[in-house]
Amino acid sequence: MTAVQMINFARKFNVAYSAAMQPLREELHMPQAAADILLFLSSNPTYHTAGDICRIKTLKKGIVSLHVDRLVQEGYLQRRSEEGDRRKCRLGCTEKATPLIEEGRARLERFYEAAVEGLSAAELETFRRCLETIENNMERLGRKEADAPPEKGETYD
């Protein structure tokens, strides 16, 4: 696979993911980034600040701030001051977000099942290991590009 083919694959993956999530977005009148923020926070309890979202999801601060503000106003997220540093806000999903999160997870599961249809368990395991290696390489290349120190043991969806 060439770099161009890999980039095209990533684009196709994003288009298919967006299509799978479109009914949920339309039902809730919510942009994809907002739904992704809710799903991310619900699946990654150790990452609970806007800064975490920006860093891990590689979203710009302004975009995250806009969507977090809207999600708080609409009652899907709550902010709490971080212990020891009042300037930091811990974000948490509210009870109102539960049905949205459950529907989002169900859609993600259906998307995943459709995406890997026809692959054996052994092929999926090989694919997982390949993606893990590529992800580690991309993180290394990204750090090298940004001249940033490595992050310790990050895992997330």
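Q: Before anything else, what does buried mean here?
A: Buried means under 20% relative accessible area. The model is a predicted one.

Q: Fine. Is His67 buried or exposed, then?
A: His67 has 8% relative accessibility, so it counts as buried.

Q: Where is His67 found?
A: His67 sits in helix 4.

Q: And what does His67 touch, not counting residues up to four places away in sequence?
A: Pro31, Ala33, Ala34 and Ile37.

Q: Ile37, ok. Which residues have the most contacts inside the largest nonpolar core?
A: Ile37 is one of them, along with Met30, Leu38, Leu41, Ile53, Leu71 and Leu77. That core has 26 residues.

Q: Which elements give two or more residues to this core?
A: Helix 1 (3–28), helix 2, helix 3, helix 4 (61–73) and helix 5 (98–115). Helix 2 gives the most, with seven residues.

Q: Switching to helix 2 and helix 3: at what angle do their axes cross?
A: Roughly 105 degrees, and the axes come within 11 Å. That makes helix 2 roughly perpendicular to helix 3.

Q: Which residues meet there?
A: Helix 2 brings Asp36, Ile37, Phe40 and Leu41, and helix 3 brings Ile53, Ile56 and Lys57.

Q: How many of those are nonpolar, polar and charged?
A: Five are nonpolar, none polar and two charged.

Key. Residues are numbered from 1 along each chain as its sequence is written. This is a predicted model: local features need pLDDT of at least 70, side-chain atom pairs count only at pLDDT 80 or more; totals for chains, interfaces and linings use all residues. Side-chain values use heavy atoms; hydrogens and water are left out. Axes are lines fitted to C-alpha atoms, for helices over the stretch in contact, and angles run from 0 to 180 degrees between N-to-C directions. Helices (H or I, at least four residues) and strands (E, at least two) are DSSP runs, numbered from the N terminus. Angles under 35 degrees count as roughly parallel, over 145 as roughly antiparallel, 65 to 115 as roughly perpendicular and the rest as oblique. Contact means heavy atoms within 4.5 Å. Ala, Val, Leu, Ile, Met, Phe, Trp, Tyr, Cys and Pro count as nonpolar, Asp, Glu, Lys and Arg as charged, and the others, Gly among them, as polar. A nonpolar core is a set of buried Ala, Val, Leu, Ile, Met, Phe, Trp, Tyr and Cys residues joined through side-chain atoms within 4.5 Å. Buried means under 20% relative accessible area, exposed over 50%, partly exposed in between (1.4 Å probe, protein chains only).
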